[in-house]
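This briefing is meant for a reader who is meeting the structure for the first time. Please look over the sequence and the model before reading on.

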Amino acid sequence: MDIVIKNGRVIDPYNQIDKVCDVAVDSGRIFGIGTFEISDFDKVIDAHGCIVTPGIIDFHAHVYPLTEIGIPAEVTCFSSGITTIVDAGSSGAANYEHYRGFLASSKVRIKCDLNVCSAGLVTTQYHENIDPAYYDRKKIRQLFEKYPDELLGLKVRLSQELTGDLGITPLIETVKLAEEIGTSVVVHTTNTPVSMSDLISHLRPGDVVTHAFHNYGNTIINDEGKVFDVVKKAQEDGVLFDVANARFHFSFKVARAAIGDGFLPDIISTDLTIKSLYKKPQIFNMMFLLSKYLNMGLDLTEIIERCTSRPAKAMRMEGEIGCLSPGACADVAIIRIMDRNVHFEDWDGEFLEGQKLLKAMCTIRDGQIVYCDIEA
């Protein structure tokens, strides 16, 4: 057999595993979890003192060449334990097919949301046009029919900078179109033209509120510092809340209030672009982001679940990725928790002084070692 990872603390929330044991990999699949003889394997990895998890899923980022501000996927992802990444609407109906060719050749598994604006995020010089009068509904339907294994949902940015006098109409029309196609909606929620309660009332189970912990305009927090009841009810009913951190879209004030009120995000993702990649103290990479939540008091298993099994379910790939089940794709991350003084900060200047830093030591994608730290 190919690889055995020994002596690590295996955390697999999907299978409710948290124990020191071995993970065996063969022919690109998880062979099993338990105790194995090293003589049966071509490669032995000693993960003593490390955490062994399913490959990390970054559910919201922007990938080059789908947009000019996209991150280089392989060099960025593998060094953070990421084996799967979702591009959050960088391209639209007019240019998705032009750019999608690289998906098949990338070792990183890449899935995409399609922007309702035909041009997508073609440039940062001006905002995308989200007027529903210009939605190319026919081509959008055709693309979802043609690439069902690539396209996950429709993305719309519902910020006043884009909506103008349109108000909430772009979201209403996006949801209608998604309903016709049979897909989900991801809605960007900073500085919305309507209240969060109004916005959420139009969403369905499986739709995604992204940038859930932002503090720009209408937020999920009421005047008493508690999460709106309608937000809690929406989460209970299956609407997903993704933090999608970026540099601008996370607030300690909102995050602390929400977590203090017992409201945890469904998904933890980066929203990385080249404008935010390696830009401490707001964000650096996925490991830095996960470290922030660890230092905020979230349990490590809660954190791992929100970047493995939960996004896998949202992607309709539950049991295939985001887990270490026998027969699942052999995507694995080996992570070390280091004692470090770490400074985290949001765009408003609020900060957190932490003492723990997560570091990816080794990443396995489809049964192959694609990254290994020199200290591993």
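Predicted model: local features only at pLDDT ≥ 70, side-chain atom pairs only at ≥ 80, totals over all residues.

**Backbone features and the interior**

P281 has its place in the loop between α8 and α9, and a cis peptide bond, with omega about 10 degrees, joins this proline to K280.

- Is H211 buried or exposed? With a relative accessible area of 1%, H211 is buried.

**Aromatic pairs and charges over rings**

- Over the whole structure, a search finds nine aromatic pairs, including the edge-to-face pair of F36 and F41, whose centres are 6.0 Å apart and whose planes stand at 85 degrees.
- F36 counts as buried at 17% relative accessibility, because the cut-off for a buried residue is under 20%, and F41 also counts as buried, at 8%.
- F288 and F344 form a tilted pair, with 4.8 Å from centre to centre and 45 degrees between the planes.
- Because F288 lies in helix α9 (residues 286-295) and F344 in strand β13 (residues 332-345), this pair ties together parts that are 56 residues apart in sequence.
- F288 is buried with a relative accessible area of 5%, and F344 counts as buried at 1% relative accessibility.
- Ring pairs link F31, F36 and F41 into a cluster.
- Two lysines lie over ring faces: K280 over the face of F284, at 5.5 Å from the ring centre, and K292 over the face of F250, at 3.3 Å from the ring centre.

**Nonpolar cores**

- In soluble globular proteins, nonpolar side chains tend to be buried together.
- The largest nonpolar core here has 88 residues, and those with the most contacts inside it are L171, F213 and Y293.
- Helix α9 gives the most to this core, with seven residues.
- A second, separate core has 21 residues, among them V23, C50, A330 and I334.
- Leaving aside residues up to four places away in sequence, F213 touches a set of residues that includes I220, V243, H249, F250, F263, P265 and Y293.

- The buried residues of α9 include M286, F288, L290, K292 and Y293.
- Which elements cover the buried residues of α9? Included in this cover are β6 (56-61), β7 (82-92), α8 (252-260), α10, β13 and β14 (351-365).

**Cavity and pocket**

- Rolling a probe the size of a water molecule over the atoms shows where empty space is left.
- A search of the whole structure finds one cavity of 30 Å³ or more, and the volume of the largest cavity is about 30 Å³.
- The lining of the largest cavity consists of I51, T53, L300, I304, I335, I337 and L358, with β5 (51-54), α10 (300-305) and β13 each supplying at least two of the lining residues.
- The largest pocket has a volume of about 820 Å³, and of the 33 residues that line it, R157, H188, F248, H249 and D271 are the closest to its centre.
- Both β9 (151-157) and α4 (160-163) supply at least two residues each to the lining of the largest pocket.

**An exposed helix residue**

- E145 lies in helix α3 (residues 137-146), and at 64% relative accessibility it counts as exposed.
- From C-alpha to C-alpha, E145 and G120 are 19 Å apart in space, and they are 25 residues apart in sequence.

Definitions and conventions. Residues numbered from 1 in each chain as written. Heavy atoms only, no water. Phe/Tyr/Trp six-rings, centres within 6.5 Å; stacked < 30°, edge-to-face > 60°. Buried < 20%, exposed > 50% of the residue type's maximum accessible area, 1.4 Å probe, protein only. Helix = DSSP H or I, 4+ residues; strand = E, 2+ residues; numbered from the N terminus. Lys NZ or Arg CZ within 6 Å of the ring centre and 35° of its normal. Core = buried A, V, L, I, M, F, W, Y, C linked by side-chain atoms within 4.5 Å. Contact = heavy atoms within 4.5 Å. 1 Å grid on protein atoms, 1.4 Å probe; cavity = no way out; pocket = protein on both sides within 12 Å on 5 of 7 lines; lining within 4 Å. Points joined across faces, edges and corners; volume = space filled by probe spheres on them.
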